[in-house]
Amino acid sequence: MIEPVFLCWVLVVLTLSALAALHVKALAWALGSDKPIAYRTAAFLEGSMLVAGPWFLWGLLGLFSDGRAVGIRIPLHLRVGSIFLYGAGCLVYVELRSLLSRGYSFRILLDLLKSGGELAKKDLIVRYGNGRGLRGLLAKRLGSLARLGLLRMEGPRAGSLTPIGRGAAGIGWAMRRLLRLTSVG
Amino acid sequence: MDNGIWISVLAGITVFLALHVILWRSMPSDNPRMVLLSGLALVGMGVSLGIASIGARPDAARLCSVLWIDAFWIILYFFVYAGLARSVSLTCLVHMLRSGGDPVDFEALVDEYARSSRFEERIRLMRARGLIRQTNGSVSLTRGGRRLALAVDGLGHVLNARLEG
């Protein structure tokens with residue numbers, strides 16, 4: 001007889017894997033075709049993973065809430081725990097994608113790898129990010145912050161901060177001070 | 001759903017965060033110390049499981065619920081912490097806030113970042129982790145750094161992620 005814990009684990013992993021696989025497939029389509037609809041589909045699927053996925057999983061787990069399906073009963077606390085486990089899996093996937101698309105240290109390693117394993121330090125700075133340099137690094141970061149609504153780009157000037165941007169910056173600054181983090185990115 | 005599970009989770013998270021803040025304030029360091037933070041997270045989870053086990057015969061399903069809820073909050077905090085410790089975006093935001101929140105010239109921002117020690121610090125950290133070595137003004141990959149670079153490149157291809165940095 002399958003334990004409820006094992007069943008929950010399987011359902012969480014299957015749901016997360018299926019949605020992640022669909023997202024990766026959509027990204028492959030987007031990168032290959034460069035069509036706006038492909039990028040929108042990929043973004044929709046990523047959003048679905050975070051929003052619709054937990055609802056779908058809750059419904060799926062609910063089929064086993066009374067023990068009539070295959071003799072397995074999943075108690076309420078285990079259903080709730082499974083949603084949190086799914087959430088943890090989503091966080092790991094999202095963060096992994098973030099690191100693989102904008103990881104500062106990873107990019108330095110890749111630049112070195114593609115240059116035969118060695119570079120002069122001044123060349124490493126200039127060639128960072130496939131030749132885009134620190135300028136490209138900051139441009140990408142500021143562009144993302146603008147898309148997230150944290151600041152406004154005004155031509156060649158960055159800023160001003162939106163109220164949400166001020167809040168995020170304030171909290172970040174306060175937490176860095178609380179933890180005495182002085183050497184930061 | 002009984003309150004004991006939420007109390008266990010809250011107790012464990014509180015212990016984790018309290019130890020984290022006390023240690024980081026009493027022993028500041030340039031190193032993000034992710035291994036130590038992971039150790040503190042395990043202590044917190046242990047506290048959660050211990051409290052969840054009090055009073056009744058430990059039930060696997062109940063303990064798993066506590067563990068999974070704990071795992072979510074701890075992983076969430078790890079990502080927040082990674083941003084605090086190393087995020088260039090957050091550094092840009094804080095810089096703008098401390099400049100009064102007004103627009104700043106992009107080229108001036110690039111110039112200031114290039115003159116700062118942040119790139120040097122990143123190189124130093126990677127050297128300390130054994131990923132690169134630095135000799136006479138040049139930087140090279142160690143064996144471990146090459147393996148990690150290949151793994152990142154491969155994983156990026158599998159997940160269709162373009163590493164732009």
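**Note on the predicted two-chain model**

1. Cys92(B) touches Leu138(A), Arg141(A), Leu142(A) and Leu145(A), leaving aside residues up to four places away in sequence, where contact means that the C-beta atoms, placed from the backbone, lie within 7 Å. This is a predicted model, in which local features need pLDDT of at least 70 and side-chain atom pairs count only at pLDDT 80 or more, while totals for chains, interfaces and linings use all residues. Residues are numbered from 1 along each chain as its sequence is written, and chains are lettered from A and ligands numbered from 1 in the order in which they are written.

2. Cys92(B) is also among the residues with the most contacts inside the largest nonpolar core, which has 39 residues. Such a core is a set of buried Ala, Val, Leu, Ile, Met, Phe, Trp, Tyr and Cys residues joined through C-beta atoms within 7 Å, and buried means that 20 or more other C-beta atoms lie within 10 Å of a residue's own.

3. An open sheet of three strands runs in the order β1(A)-β3(B)-β2(B), with antiparallel pairing; strands are DSSP runs of E with at least two residues, helices runs of H or I with at least four, and two strands pair if DSSP finds at least two bridges between them. The edge strands, each pairing on one side only, are β1 (118-120) of chain A and β2 (132-135) of chain B.

4. β1(A) pairs with β3 (residues 138-141) of chain B over three bridges in the antiparallel sense, and Ala120(A) stands opposite Ser138(B).

Technical notes
Buried ≥ 20, exposed ≤ 12 C-beta atoms within 10 Å, placed from the backbone. Contact = placed C-beta atoms within 7 Å.
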